[in-house]
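Reader: I would like to learn how to read side-chain contacts. Could you walk me through them with an example?

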Amino acid sequence: MVGTGFGRVRLMQNEFGQKLEEAGPATPAQMVGLSAVPEAGQVFHVVESEKVGKEIVEHRIAELRGRPAEVRPRLSLEDFFAQSQDGGVKELAIVLKADVQGSLEAVRDALLKLSTDAVKVDVIHTGVGGITESDVMLAKASNAIVIGFHVRPDPAARRAAEGQGVDLRLYQIIYEATDDVRRAMAGLLPPTVKEVVLGRAEVRRTFNVPKVGTIAGSYVLEGLVRRGALCRLVRDGVQIYEGRIGSLKRFKDDAREVLTGFECGIGIDGYNDMKLGDVIEVYAREEQPATL
């Protein structure tokens with residue numbers, strides 16, 4: 001067991017991908033079987049049975065849930081500097097999610113290095129995978145902002161962030177995230193570009209059309225899909241590709257947009273590797289002046 005994850009070791013390999021039956025001290029090993037992705041630095045324990053591991057993990061989770069959360073006013077990255085200048089906020093709390101553990105550690109280290117004697121950056125929670133509603137609620141309770149790197153919020157998380165006033169920021173490049181945080185700390189935040197999600201569609205079939213490429217037979221889950229709009233292809237909460245809707249059809253006819261509850265054929269410019277279960281997120285960008 002590691003942290004709040006436990007399970008039986010289903011497969012163990014060395015750094016060359018060769019199967020191991022056991023691993024002793026100072027032996028690198030890759031293991032499959034945990035119920036959750038561990039964080040770097042957590043201690044791994046071997047217990048006598050899965051039942052014992054489950055009981056210990058459930059006790060750890062109960063302890064975490066039982067910790068009282070300090071109630072503080074909500075905070076956005078734009079007004080962080082203004083509050084710190086007034087003698088209020090001196091610490092910027094961040095909930096950080098990323099696509100893989102390596103990216104997570106790199107972004108976390110880069111953000112922590114921004115701390116100064118006057119203002120401290122505190123990454124209160126990290127995790128691998130898409131942004132969930134629990135991440136947003138943790139940020140709300142801790143007066144934190146949520147930063148996602150190469151990941152997307154699920155619909156429940158997006159609604160929670162909008163409803164609770166939690167500042168949720170998504171990045172593809174590390175220095176863009178650190179620049180925004182550094183500018184907020186210095187009170188120099190430029191105009192922000194707000195993303196407005198227009199709709200989401202699920203890929204249910206794929207077709208290979210000669211001279212055109214792959215067309216995703218899709219069902220519009222919410223909102224609308226618009227031809228020419230910006231889009232992301234999301235697989236299991238992780239962004240795979242970003243581009244534009246190149247073609248949109250209803251049956252054999254071209255369509256300008258398709259609304260919730262209807263099926264359509266979607267082609268993404270420059271990308272053909274759509275798979276069943278992928279989600280196509282359609283969005284627009286709006287520039288808004290920063291407010292302090």
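Predicted model: local features only at pLDDT ≥ 70, side-chain atom pairs only at ≥ 80, totals over all residues.

Reader: Gladly! How is a pair of aromatic rings described?

Author: By the distance of the centres and the angle of the planes. Rings of Phe, Tyr and Trp (its six-membered ring) pair if their centres lie within 6.5 Å; planes under 30 degrees apart count as stacked, over 60 as edge-to-face and the rest as tilted. That rule gives one aromatic pair here. Tyr241 and Tyr271 are stacked, with 4.5 Å from centre to centre and 20° between the planes.

Reader: Where do Tyr241 and Tyr271 lie?

Author: Tyr241 is in strand β10 (residues 238-250) and Tyr271 is in the loop between β13 (263-268) and β14 (279-288), so the pair ties together parts 30 residues apart in sequence. Strands here are DSSP runs (E, at least two residues), numbered from the N terminus.

Reader: Is Tyr271 buried or exposed?

Author: Buried means under 20% relative accessible area, exposed over 50%, and partly exposed in between (1.4 Å probe, protein chains only). Tyr271, at 12%, counts as buried, while Tyr241, at 25%, counts as partly exposed.

Reader: Which charged end sits over the ring of Tyr283?

Author: The test is that NZ of Lys or CZ of Arg is within 6 Å of the ring centre and within 35 degrees of the ring normal. Here the charged end of Arg232 sits over the Tyr283 ring, 4.1 Å from its centre. Arg232 is buried, at 4% relative accessibility.

Reader: And how many salt bridges does the structure hold?

Author: A salt bridge is a side-chain nitrogen of Lys or Arg within 4 Å of a carboxyl oxygen of Asp or Glu. The structure holds 21 of them. One joins Glu195 to Arg232, with the closest N and O atoms 2.6 Å apart. This pair links distant parts of the chain: Glu195 belongs to strand β7 (residues 192-209) and Arg232 to strand β9 (residues 230-235), 37 residues apart. Glu195 is partly exposed, at 28%.

Reader: What about Asp254 and Lys249?

Author: Their side chains meet in a salt bridge, 2.6 Å from N to O. Asp254 is exposed at 61%, and Lys249 is partly exposed at 32%. Elsewhere, salt bridges that share partners join Arg152, Glu195, Arg232, Glu242, Glu281 and Arg285 into one network.

Definitions and conventions: Residues numbered from 1 in each chain as written. Heavy atoms only, no water. Helix = DSSP H or I, 4+ residues; strand = E, 2+ residues; numbered from the N terminus.
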